Amino acid sequence: MIRTMETSAMYQEFVAERKSNGRWELAGFVVGYGSYLVCFWIVFGLKRENPLFSSLFFLGLFTRFASLMIGRVFLVPKVFLRLLSSDERESDSAWQTLDMHRDEILGRLARNIFGWNDPSELYRMDRKELCDFLKEKTVVNWRKIARIFLFFYFPVCAFVLYLTYLAWTE
């Protein structure tokens with residue numbers, strides 16, 4: 001009974017993580033390309049000629065660059081990180097979750113890592129081979145790097161908006 005609850009919770013976490021990934025990618029897309037559009041609209045549409053408006057363009061570039069990090073953060077779903085856990089019970093629950101929803105969860109990992117290439121070797125891996133493969137892919141902690149990056153990203157966004165405000169009021 002507890003095992004089933006744990007695997008269900010891990011699967012729900014996987015689904016929530018997939019939705020979160022989509023939201024972050026959409027936000028990066030909207031902010032990045034939105035900054036370009038607003039910058040071009042102000043400069044070419046409204047014919048405002050202040051060099052500070054270019055800060056919006058650079059915010060767009062910065063955001064699109066940051067969007068690359070989103071792919072790295074969500075490259076390996078958390079259920080696989082739990083499979084690597086030193087806690088045997090958590091690792092077993094992760095393996096059961098993976099076993100119950102193999103096509104969906106492994107399919108996500110395969111798309112993230114292999115893209116359009118053939119992921120058939122991933123589907124043939126046993127638990128030990130999969131753990132070794134995942135250790136190789138999770139050497140860098142991108143989730144921690146992304147949290148640190150956000151600490152700098154939001155002040156940069158605020159500063160760019162302030163520069164845009166200054167340019168607008170001149």
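The dialogue below sets values from this model against the definitions behind them.

Mentor: This is a predicted model, in which local features need pLDDT of at least 70 and side-chain atom pairs count only at pLDDT 80 or more, while totals for chains, interfaces and linings use all residues. Residues are numbered from 1 along each chain as its sequence is written, and side-chain values use heavy atoms, with hydrogens and water left out.

Trainee: How do you know how many helices and strands the protein chain has?

Mentor: Helices (H or I, at least four residues) and strands (E, at least two) are DSSP runs, numbered from the N terminus. By that rule the protein chain has eight helices and zero strands, and its pattern along the sequence is α-α-α-α-α-α-α-α.

Trainee: What makes the protein chain more spread out than a compact globule?

Mentor: The radius of gyration is taken over C-alpha atoms, and the globule rule is 2.2 Å times the number of residues to the power 0.38. For 170 residues the rule gives 15 Å, and the radius of gyration of the protein chain is 21 Å, well over that value, so the chain is more spread out than a compact globule. Along its principal axes, the C-alpha trace spans about 65 × 30 × 25 Å.

Trainee: Why is T63 called buried?

Mentor: Buried means under 20% relative accessible area, exposed over 50%, and partly exposed in between (1.4 Å probe, protein chains only). T63 has a relative accessible area of 3%, so it is buried. This residue is found in helix α2, residues 54-73. Contact means heavy atoms within 4.5 Å; not counting residues up to four places away in sequence, T63 touches G28, V31, G32 and Y153. Of the 170 residues of the protein chain, 35% count as buried.

Trainee: Is N21 buried or exposed, and how do you know?

Mentor: The relative accessibility of N21 is 6%, so N21 counts as buried. N21 is found in helix α1. Leaving aside neighbours within four places in sequence, N21 is in contact with I70, F74 and R108. The C-alpha atoms of N21 and L46 are separated by 36 Å, and these residues are 25 apart along the chain.

Trainee: Why is K47 called exposed?

Mentor: K47 has 61% relative accessibility, so K47 counts as exposed. It is found in the loop between α1 and α2.

Trainee: What makes the phi of K47 worth a remark?

Mentor: Most residues other than glycine have a negative phi. K47 has a positive phi of about 60° although it is not a glycine. A positive phi, near 65°, is also found at G115, which follows α5.

Trainee: Why are S120 and Y123 called partly exposed?

Mentor: S120 has a relative accessible area of 25%, so it is partly exposed. Y123 has a relative accessible area of 31%, so it too is partly exposed. S120 is found in helix α6, residues 120-124, and Y123 is found in helix α6 as well. Leaving aside neighbours within four places in sequence, Y123 is in contact with R102, D103, L106, G107 and A110.

Trainee: What makes a set of residues a nonpolar core?

Mentor: A nonpolar core is a set of buried Ala, Val, Leu, Ile, Met, Phe, Trp, Tyr and Cys residues joined through side-chain atoms within 4.5 Å. The largest such core here has 22 residues, and those with the most contacts inside it are F80, L122, L130 and L134. The elements that give two or more residues to this core are α1 (2-45), α3 (78-83), α4 (88-100), α5 (102-114) and α7 (127-137). The largest share, five residues, comes from α5. A second, separate core of 16 residues includes C39, V73, F149 and V160.

Trainee: Which residues does L122 contact, leaving aside its neighbours within four places in sequence?

Mentor: L122 is in contact with L106, L109, A110, F114, L130 and F133. Among the buried residues in α5 are L106, L109, A110 and F114.

Trainee: How many positive and negative side chains does the protein chain have?

Mentor: Lys and Arg count as positive and Asp and Glu as negative; His and the chain ends are not counted. On that basis the protein chain has 22 positive and 19 negative side chains.

Definitions and conventions:
The place of a charge is taken as NZ of Lys, CZ of Arg, CG of Asp or CD of Glu.
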